[in-house]
Amino acid sequence: MSTLARARCRLGAHPSALDAALAAAVLVCMVAGSFVDPHGPEGVSWGFRTPDALSLFLMTAGAAALAFRRRAPLTVLAVTGGVSVVESVTGDPRAPVVMSTVVALYTVAASTDRPTTWRVGLLTMTVLTGAAMLAGPLPWYAQENLAVFAWTGIGASAGDAVRSRRAFVQAIRDRAEKAERTREEEARRRVAEERLRIARDLHDVVAHHIALVNVQAGVAAHVMDKRPDQAKEALAHVRAASRSALGELRATVGLLRQSGEPEAPTEPAPGLHRLEELVGTFHHAGLHVEVARADQGTELPAAVDLAVYRVIQEALTNVQKHAGPGAKAEVSVVRVGPDIEVTVLDDGTGEGGASTDGGASTDGGGHGLLGMRERVTAVRGTLTTGPRYGGGFRVHAILPVRNRTDPAEDPV
């Protein structure tokens, strides 16, 4: 940092000292200017004329008032304007007392608004120029009278320009701060959305596999003594379900890793290609599931494929938990025009210890239906759920095969 910049910082930290220094500098300039004789035989010339006592007092009073220009700018302008009027009327030749008024008018223009600057500036110019022209010892057309008008106008214009520049710089800073706050809020919103998405994934994984583990563990405990071979098979299913749950949890939580940590597993997300494997896990858990597919090998977008898989998984998990013993489920996946329709039906009676509302039991406030609805809505699909006439529950989802913004035409 240069010496001039350091000096500005010090003076900026002490505005009263800066104003006192400015007042002293203005006083020196006014006293030095009072030695100029504008009416010499050869024009303007330097002389050794000593200002009279009244002029010295008026210059000192005007300069002293400038030390308070930040605290009361209008009052200081009134004081300096008054002493300038007195000097314009009585001084011959005049001392440049009007210099203090120019500085005071600049301060008013720089610290107030433009309408105030116009009103105060015009009033100051009119009073000072009028007093100099009409009541002063010089002819009204003297250059000194016109100089009063010009210098007061310059002071007002300079102060207004400084105020406008400060306002412009402040507006830029405010916009930058607002943009920064907006970026931070957007980042927080995206983090919250990502957390919700990961929470849904974790719920789907945990709810499905823990339900299977619970059922198989119950079977193993029930037949452990009488049929150890069946208990061993049930425990094998428990192990397989827990291993699968751990794998999916690791893949989901891996999304939270930092950039410097090991990369998350790159196994593709589950989809309809794993439907038979999913249904097989429920078969091993004792749930009878029938599958009917008429999607003609349709290739779905990754997000839609994952949503279809999760809807079926969550619906069958709810059947397993809430439909009661002996319930059966039917899964159908059908391509209908530009959409694919997924339906999961069951004939359960809701005797499994919770209601048949697809997981939203009265005792737990589950999130199964909410998670399914959010997944389907995220890919611009629709989901309808509700009890079936005569018993059971129905989950029906319609999902677009392509994104709605895809320019390609839907197949007929």
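A contact means heavy atoms within 4.5 Å. The legends below describe a predicted model, in which local features need pLDDT of at least 70, side-chain atom pairs count only at pLDDT 80 or more, and totals for chains, interfaces and linings use all residues. Residues are numbered from 1 along each chain as its sequence is written, and side-chain values use heavy atoms, with hydrogens and water left out.

View 1. Asp346 belongs to strand β5, which covers residues 339–346; helices (H or I, at least four residues) and strands (E, at least two) are DSSP runs, numbered from the N terminus. Leaving aside residues up to four places away in sequence, Asp346 touches Val319, Ala323, Lys328, Ala329, Arg388, Gly391, Gly392 and Phe393. Asp346 is buried and has no salt bridge. Here buried means under 20% relative accessible area, exposed over 50%, and partly exposed in between (1.4 Å probe, protein chains only). A salt bridge is a side-chain nitrogen of Lys or Arg within 4 Å of a carboxyl oxygen of Asp or Glu. The nearest side chain of opposite charge is that of Arg388, 6.2 Å away; Lys and Arg count as positive and Asp and Glu as negative, while His and the chain ends are not counted.

View 2. Helix α10 spans residues 302–322, 21 residues in number. From first C-alpha to last, α10 reaches 30 Å, close to the 30 Å expected at 1.5 Å a residue; the expected span is 1.5 Å times one less than the number of residues. Of the 21 residues of α10, 18 are buried, and the helix is mostly covered. Just after α10, Gly324 has a positive phi of about 95 degrees.

View 3. Val86 lies in helix α4 (residues 73–90) and is partly exposed, at a relative accessible area of 36%.

**View 4. The salt bridge between Asp160 and Arg114.** In this pair the closest N and O atoms are 3.0 Å apart. The bridge links distant parts of the chain, from Asp160 in helix α7 (residues 143–223) to Arg114 in helix α6 (residues 114–134), 46 residues apart. Asp160 counts as buried at 14% relative accessibility, whereas Arg114, at 40%, counts as partly exposed.

View 5. Glu180 and Arg183 meet in a salt bridge of 2.4 Å, N to O. They are three residues apart in α7, separated by about one helical turn. Glu180 is partly exposed, with a relative accessible area of 35%. The side chains of Glu186 and Arg189 also form a salt bridge, 2.4 Å from N to O. These two residues are likewise three places apart in α7. An α-helix has 3.6 residues a turn, so residues three or four places apart point the same way. Glu186 is partly exposed at 28% relative accessible area, as is Arg189 at 38%.
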